[in-house]
Amino acid sequence: MTTASPALPQLPADPSLISLAYRHEHPLKVFEFDDTLEVWTVSARIDADILAEDMASRSDIDQETLDAVEDVAVGRMSFVRVRMFVGDPFEAMDAYTGDVSRIGESVLDVGRAEFAREFEAALAHPVGDLLVMDRVVLEPVWRGFGLGLVLAGAAIRRLSQGCTAVVCEPGSADGRELTEEQHREAAARLGRLWSAIGFEPFQDGVHILDCHLQRPQDLLAERQEEFTALCRSWREHHRS
């Protein structure tokens, strides 16, 4: 997936310095679907202090320049955990966003407030919560190196404990205006991309990652090896 690229030097910093910050808020007094939906935002960034320390270790830079270093934004993600045994899962998904609602229509039996039988049949062990991968957006300068797969895979590992599956509807999420044909092309391209960490087509444009299978774990390990190679290549280039 990730290979040496002529654009590698253009990356603004060593990718190994990237960290993920997870944010989830909920009111103490529960309203509507607060207990059914657990919304997580995940930011990928390089901390300014860590970046300045790395810059100082590689070259002679004056303190004024180091003091001016700022955080580097890499990307952002959003996930929604649907608690299947608290409230009505589809009503909660339907009240959140249209994108999440469409996924709910595909994987849930709306009348029974349970997983649809076709969805259950596609899973190894269809018991547990559902994790929706809602958005994964990289800053333009970080695109093209397989980082989206590594970031999403790492976040899924943290957030999918107790979930039976992760679901997504591949499509452009960076706000660009696209024609219907461009939407279809983007969905097909991203569907192939997400298959590299274990997502498989289900129905109605929805893709699923079965949390109880070994294959997604093996694929993520492969992506992490590629990420390690990318980091090594960046450091070797900037030492030369």
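**Close-up views of a predicted model**

**View 1. The hairpin of β8 and β9.** Aspartate 204 takes a positive phi near 55 degrees in the hairpin of β8 and β9, which has 2 residues between the strands. The model is predicted: local features need pLDDT of at least 70, side-chain atom pairs count only at pLDDT 80 or more, and totals for chains, interfaces and linings use all residues. Residues are numbered from 1 along each chain as its sequence is written, and side-chain values use heavy atoms, with hydrogens and water left out. Strands (E, at least two residues) and helices (H or I, at least four) are DSSP runs, numbered from the N terminus. β8 and strand β9 (residues 206–210) run antiparallel and are joined by 3 bridges; two strands pair if DSSP finds at least two bridges between them. Glutamine 203 stands opposite valine 206 in β9.

**View 2. The open sheet of 7 strands.** The strand order is β1-β2-β3-β6-β7-β9-β8, and the pairing is mixed. β1 (19–23) and β8 (200–203) each have a single partner strand and stand at the edges, so one side of each is left without a neighbour in the sheet. On average, neighbouring strands of this sheet are turned by 30 degrees against each other, direction ignored.

**View 3. Strands β6 and β7.** Strand β6 (residues 129–138) and strand β7 (residues 163–168) run parallel, joined by 4 bridges. Leucine 130 has alanine 165 in β7 as its bridge partner. Helix α3 (residues 89–96) packs on the sheet and touches β2 (37–46), β3 (72–82) and β6, where contact means heavy atoms within 4.5 Å. The direction of α3 makes about 50 degrees with that of β2; axes are lines fitted to C-alpha atoms, for helices over the stretch in contact, and angles run from 0 to 180 degrees between N-to-C directions.

**View 4. Helices α6 and α8.** The axes of helix α6 (residues 147–159) and helix α8 (residues 214–239) cross at roughly 130 degrees and come within 9 Å. α6 and α8 are therefore oblique to each other (angles under 35 degrees count as roughly parallel, over 145 as roughly antiparallel, 65 to 115 as roughly perpendicular and the rest as oblique). Residues in contact include Leu147 and Val150 in α6, and Leu220 and Phe227 in α8.

**View 5. An aromatic pair.** The structure holds 3 aromatic pairs. In one of them, the ring centres of phenylalanine 119 and phenylalanine 202 are 5.6 Å apart and the planes stand at 75 degrees, so the pair is edge-to-face. Rings of Phe, Tyr and Trp (its six-membered ring) pair if their centres lie within 6.5 Å; planes under 30 degrees apart count as stacked, over 60 as edge-to-face and the rest as tilted.
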